[in-house]
Amino acid sequence: MSDRSGIGLTGLPGIGPARAAKLARLGLERLEDVLDYFPFRYEDRRSIQAIGEAQDGEVCCVVAMVARRPELSRVRKGLELVKAQVVDDTGALHLTFFNQAYLRDALRPGERYVFYGRIEVMGRRRSMTNPVFEREGTGQVTGRILPVYSLTAGITNRVMVELAQRAVTLYAPRREETVPQRVRMEHGLCQVEFAYQNIHFPADFQALEAARRRMIFEELLALTCGMALLKGRRGHGAGRVLRGGTPAEFAALLPFAPTGAQQRAMVDIAGDLASGRAMNRLVQGDVGSGKTAVAAFGAWLCARSGCQCALMAPTELLAEQHARTLDAMLGPAGVRVGLLTGGGRGSGRKALLAALAAGEIDLLVGTHALFSSDVVYANLGLVIADEQHRFGVAQRAALAVKGATPWAPSKMGRRESGEGGGDFIPTAANGMGPGGPVTACRDGGAQRAALAAQDGVEEQDGQTHVLVMSATPIPRTLALIIYGDLDVSILDELPPGRSPVATYLVGEDKRQRLYGFVRTQVAQGRQVYIVCPAVEEGEGGARWGQEDGPALDLKAVTTYAKDLQERVFPELRVGLVHGRMKTREKESVMAAFAAGEVDVLVATTVVEVGVDVPNAALIIIENAERFGLSQLHQLRGRVGRGKHQSYCVLVTSSKSEAARERLRALCATNDGFQIAEEDLRLRGPGDFFGKRQHGLPQLKVADFAADVDLLQQAKQAAEALVAADPGLDRPEHAPLRRRVRKMFEQEPEIFN
Ligand code: ADP
Ligand code: MG
């Protein structure tokens with residue numbers, strides 16, 4: 001991680017180049033790396049038993065001498081047995097090893113070993129099969145609490161244990177103490193050396209608990225310090241004052257009366273924008289709570305104040321929809337809306353960018369393409385990120401930093417690939433890291449170059465305001481961390497007239513009835529989604545248990561759609577949308593669906609977030625077991641957006657009781673918060689939004705769901721530390737500062 005000096009693994013006893021390469025796959029290149037490679041469980045091998053007293057089924061160590069030369073027999077091809085007899089003062093034990101012929105010579109008659117395994121008693125005969133063993137006095141894999149490491153092919157746990165032993169001996173005493181002494185005292189945390197020693201080789205379970213607790217606390221402390229620092233960096237910026245209109249004036253533009261919650265959020269936003277401080281606000285609301293209208297208010301106010309607004313959506317599909325909706329809503333009020341997607345090239349794009357640079361566009365809607373290097377704003381006042389969990393903390397930090405410096409994508413990386421897949425990763429290599437081109441500040445050409453030279457200058461008229469919208473009801477524990485650096489408005493009220501989506505779990509045997517139900521819905525004028533868990537680009541394969549059926553590839557989805565049209569619903573209009581279609585195609589399919597020209601839309605998860613077609617009243621989710629609960633809840637949010645009773649049918653042929661139980665939880669409630677908590681409990685935060693989509697630095701030991709108390713304690717400690725020493729500049733905080741910096745590697749601007 002840090003510098004690459006120190007002892008390499010190749011050349012250590014038992015580690016040749018081949019093994020070293022395998023270890024590298026586990027992220028282990030230097031011996032010191034092993035110190036941070038923690039066991040994932042432990043086996044208690046401390047119990048030592050006399051042979052004559054061991055009970056049937058008992059798992060224990062036996063210290064015994066090999067009585068005579070072991071015998072090797074070939075039972076048949078591919079099956080070799082080594083039989084040995086060992087004795088202690090109380091009796092004899094028969095050992096059988098399968099396919100380990102070399103043991104005949106390895107076990108020396110007359111020598112004493114410790115054997116660990118399960119005792120079997122048959123009459124008077126006591127035996128063990130395939131015991132683990134080592135010479136008496138070695139104490140490496142017997143007679144202790146044994147750490148068990150995640151392994152890879154060709155690397156046994158024994159190899160890992162030996163490496164860990166070396167790493168602990170050599171490096172544990174040298175690790176710096178990152179937790180300030182006062183904090184350690186206050187929270188009863190053990191010292192760093194003890195912690196490393198005992199997390200690998202616990203003296204007993206109490207010591208292990210102390211070690212784990214300290215490691216978790218340390219990790220959470222670094223995390224919460226980082227968040228507190230980010231918050232501190234943003235909290236104080238001056239913001240340009242925007243007072244172009246009030247929520248009441250805006251409400252007149254809407255086709256409906258805003259809910260109380262929407263009104264409160266708008267009042268919050270209007271207050272922020274007029275305050276003279278940079279806004280940094282999250283609007284959080286369950287699917288269908290009406291976040292778009294709130295975003296529209298921000299954009300409208302911004303435009304009325306003579307500034308431009310950029311609205312960033314996580315997928316092109318959603319960007320297109322937003323552009324349509326907002327143009328319809330705000331166009332009549334004179335707001336000029338533009339759509340910029342990655343797909344759009346050529347002269348259209350050129351003209352759009354020229355209009356933007358000339359200040360002839362008030363609201364630019366798009367994906368990450370909004371921050372391409374050739375996008376130049378005339379006068380950017382507000383950035384809105386919709387469905388923000390898809391962007392994550394790092395991206396938001398980048399946004400806020402854009403506010404702190406003249407607007408520029410210098411710290412903004414590019415999305416790796418696919419929709420909703422990767423994170424933005426700023427790196428020096430792709431020219432988007434610090435020091436990369438600063439090309440899109442608000443004054444264009446010559447001045448831009450000047451600003452690039454002195455990145456970090458304060459803008460006279462204040463920072464860009466930032467508004468983020470999150471559809472996902474994030475569990476409170478996680479919200480505490482992720483949004484620790486934001487002000488929050490919550491939309492806790494659905495627009496009137498919604499009834500909860502009725503959700504059912506069905507098996508393959510109900511398919512014909514299900515198709516019948518589709519026909520009934522369409523006959524009543526409704527529309528239907530059928531979602532398939534196809535692998536989208538950049539999304540990887542399975543999301544959930546291995547026992548489940550494979551995801552369809554896009555070809556299969558295409559075939560499925562064709563089949564539905566030709567064989568199942570010849571009388572209906574079936575459409576297809578997926579992530580690899582061209583922007584144009586997607587847009588036209590979605591537009592047709594929104595216009596009611598498509599009855600049944602077969603889709604991949606591209607419709608997961610934000611898509612809004614109120615006439616759709618039924619969503620069928622194929623292979624539902626392949627999705628996480630929160631994701632299913634998002635998908636279900638595609639229906640129930642209008643006045644019609646809506647249905648969600650989860651189809652699964654999974655036999656796994658756990659999978660079915662998970663899905664039943666979804667049938668039982670429409671409360672996004674409850675579902676999110678359940679999802680967090682079942683999957684952990686790493687998986688909560690799909691891979692790493694929460695955007696937090698990856699944690700090694702802490703578990704948000706399980707370690708809530710420690711999280712709260714660490715957060716308090718972090719806030720106190722940062723309040724007393726805002727840059728963590730004091731010498732006694734230097735190790736902690738280094739730790740935080742390392743954890744937030746992706747946000748180099750965290751300190752400066
Ligand atoms: P989300 O919070 O999921 O982004 P949307 O902004 O897409 O929700 O709104 C969901 C649907 O509810 C849209 O069709 C929108 O027009 C409608 N809607 C939003 N606010 C209201 C309201 N106050 N009254 C009635 N309908 C509303
Ligand atoms: Mg939305």
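Axes are lines fitted to C-alpha atoms, for helices over the stretch in contact, with angles from 0 to 180 degrees between N-to-C directions. Helices are DSSP runs (H or I, at least four residues), numbered from the N terminus.

This is a predicted model, in which local features need pLDDT of at least 70, side-chain atom pairs count only at pLDDT 80 or more, and totals for chains, interfaces and linings use all residues. Residues are numbered from 1 along each chain as written, chains are lettered from A and ligands numbered from 1 in the order written, and side-chain values use heavy atoms, without hydrogens and water.

**Helix packing**

Helix α19 (residues 629-636) packs on helix α20 (residues 657-668) at about 40°, with the axes 10 Å apart. The two are therefore oblique to each other. Their crossing is right-handed; that is, the near helix is turned clockwise from the far one by less than a right angle, whereas anticlockwise is left-handed.

Helix α10 (residues 291-304) takes part in two pairs. Its axis and that of α9 (residues 260-274) come within 10 Å and cross at roughly 30°. That makes α9 roughly parallel to α10. This crossing is right-handed. The axes of α10 and α11 (residues 316-330) come within 11 Å and cross at roughly 60°. This pair is therefore oblique, and α10 passes α11 in a right-handed crossing.

**Ligand 1**

The shell around ligand 1 holds 17 residues; the closest are Gly288, Lys291, Thr292, Arg498 and Arg641. A residue counts as near if one of its heavy atoms lies within 4 Å. The shell divides into six nonpolar, six polar and five charged residues.

Polar contacts are pairs of N or O atoms within 3.5 Å.

| Residue | Ligand 1 atom | Distance |
|---|---|---|
| Alanine 257, backbone N or O | nitrogen | 2.9 Å |
| Threonine 259, polar backbone atom | nitrogen | 3.5 Å |
| Serine 289, polar backbone atom | oxygen | 3.4 Å |

The protein covers 86% of the 560 Å² of accessible area that ligand 1 has on its own. Accessible areas come from the Shrake-Rupley method with a 1.4 Å probe.

Note on methods
A polar contact is a pair of N or O atoms within 3.5 Å; within protein, one must be able to donate a hydrogen and the other to accept it, and residues adjacent in sequence count only if both atoms are side-chain atoms. Ala, Val, Leu, Ile, Met, Phe, Trp, Tyr, Cys and Pro count as nonpolar, Asp, Glu, Lys and Arg as charged, and the others, Gly among them, as polar. Angles under 35 degrees count as roughly parallel, over 145 as roughly antiparallel, 65 to 115 as roughly perpendicular and the rest as oblique.
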